[in-house]
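Dear colleague,

Please find below the sequence and structure that I am handing over to you. My notes on its pockets and aromatic pairs follow.

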Amino acid sequence: MPPEADLLARSASTASPPSHSAASTGSPPWRAWLPGLALTAAIAALAMQLGRQDWFQARGISALTLAIVLGMLVGNTVYGRVAPVAAAGVGLSKTRLLRLGIVLYGVRLTFQDIGNVGWAGFAIDALVLCSTFGIACVLGARVFGLDPKTAMLIGAGSSICGAAAVMATEPVVRGKAEQVAVAVATVVVFGTVAIFLYPMLYRLEAVHALVPMTQSGYGLFVGSTVHEVAQVVAAGRAVGEQAADTAVIAKMVRVMMLAPFLIVLSAWLSRRPGGSDMAGTQGTSGIVIPWFALGFVAVAGFNSLALLPPAAIDRIVDIDTVLLSMAMAGLGLTTHVSAIRKAGARPLALAALLFAWLVVGGLAINAGVARLWS
């Protein structure tokens, strides 16, 4: 059994539901957390095991995506029976464990990644991020009639790093579980389409030579525009190892932009009329800086020093995957399908427009920046 799955199995096997009398007599809060933590841990363990299967890996479906899907299946069937005793731990999973998971996500990155793609790659990632998120914010409300939170969450998932970006943005915009679930669903749908579409575009380009593109150029295009890291790997490897390597590095630079994005977003929301509630300031003035965003940068900076052995980094990545998968499971457990149905087709339409921009506009940005830097 893989180490992180073993860790989850031990935590699930040792957890037992607290009695209502214990909760009412002032027992330690961790006892109230155990049932919910055990449930999210079990779902996360199953999601990670499924995520290692060839069928899911070939389609770029990560453990995080599977965790929220499994969580929703349980949440809309049997979870109601155990919700009274599991709610505290489930809530802990999708809040505190999420923030800790985002912080530890920085161990996957180094500042040297920026150097590997150069300033051109950095500029491409920044332009794709800003343009995609801007389109989501403007058109989400004006054209599709979505509430700002849903539009921002969909925009974050499309412009940065998929489900992880949606989850990281949720505490800043104070989104609801169903809004997050809708945003994650759009990442799954269009990220999966990208896995098959991008290699097809590369082969068409090779035949018709519309936009000259090397494997490295293709990898940069994939890394700067495809939603999830797993989807980037799948789309890159479909063309070649060189394309996959460049795609992953470009994607990691894009992921590293998550922290400054959250800080700027929080500052912007706090200055908007009525935006303080959305930014989590609860009516107070000033800029709210998400602590986990700063922690993310700090961990990435520490990892850049290469002080930890590879085995230690692998173990931290395993733990981080556990935490983020448990957070996703907690989100899925508290997401009701009826709430997603109420959202209708508008979120999917916005995500489709953003995906079209990522393909067409992203290709234009890649080509334009490449010419300027050549």
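Which helices each supply at least two residues of the lining of the largest pocket? They are H3 (29–51), H4 (54–58), H5 (63–75), H13 (229–237), H14 (241–256) and H18 (310–333). Helices here are DSSP runs of H or I with at least four residues, numbered from the N terminus.

The model is predicted: local features need pLDDT of at least 70, side-chain atom pairs count only at pLDDT 80 or more, and totals for chains, interfaces and linings use all residues. Residues are numbered from 1 along each chain as its sequence is written, and side-chain values use heavy atoms, with hydrogens and water left out.

Pockets

The largest pocket holds about 790 Å³ of space. Its lining comprises 28 residues, and those closest to the centre are Ser62, Ala63, Arg108, Val229 and Ala230. H13 gives the largest share of this lining, five residues. By type, the lining of the largest pocket divides into 17 nonpolar, five polar and six charged residues. (Ala, Val, Leu, Ile, Met, Phe, Trp, Tyr, Cys and Pro count as nonpolar, Asp, Glu, Lys and Arg as charged, and the others, Gly among them, as polar.)

A pocket is an open set of points on a 1 Å grid over the protein atoms alone, where a 1.4 Å probe fits, with protein on both sides within 12 Å along at least five of seven lines; lining residues have an atom within 4 Å of a point. A volume is the space filled by probe spheres set on the points.

The second largest pocket has a volume of about 430 Å³. Among its 19 lining residues, Pro212, Gly217, Asn366, Ala367 and Ala370 lie nearest the centre. H20 supplies the largest share of that lining, five residues.

Aromatic pairs

There are six aromatic pairs, counted where ring centres of Phe, Tyr or Trp (its six-membered ring) lie within 6.5 Å; planes under 30 degrees apart are stacked, over 60 edge-to-face and the rest tilted. One of them, Trp119 with Phe122, is edge-to-face because the centres are 5.7 Å apart and the planes at 80 degrees. Both residues lie in H8 (residues 112–142), three residues apart, about one turn of the helix. Trp119 is exposed at 61% relative accessibility, whereas Phe122, at 30%, is partly exposed. (Buried means under 20% relative accessible area, exposed over 50%, partly exposed in between, with a 1.4 Å probe and protein chains only.)

Phe190 and Phe355 form a tilted pair, with centres 5.6 Å apart and planes at 35 degrees. Phe190 lies in H11 (residues 177–208) and Phe355 in H20 (residues 346–373), so the pair ties together parts 165 residues apart in sequence. Both Phe190 and Phe355 are buried.

Yours sincerely
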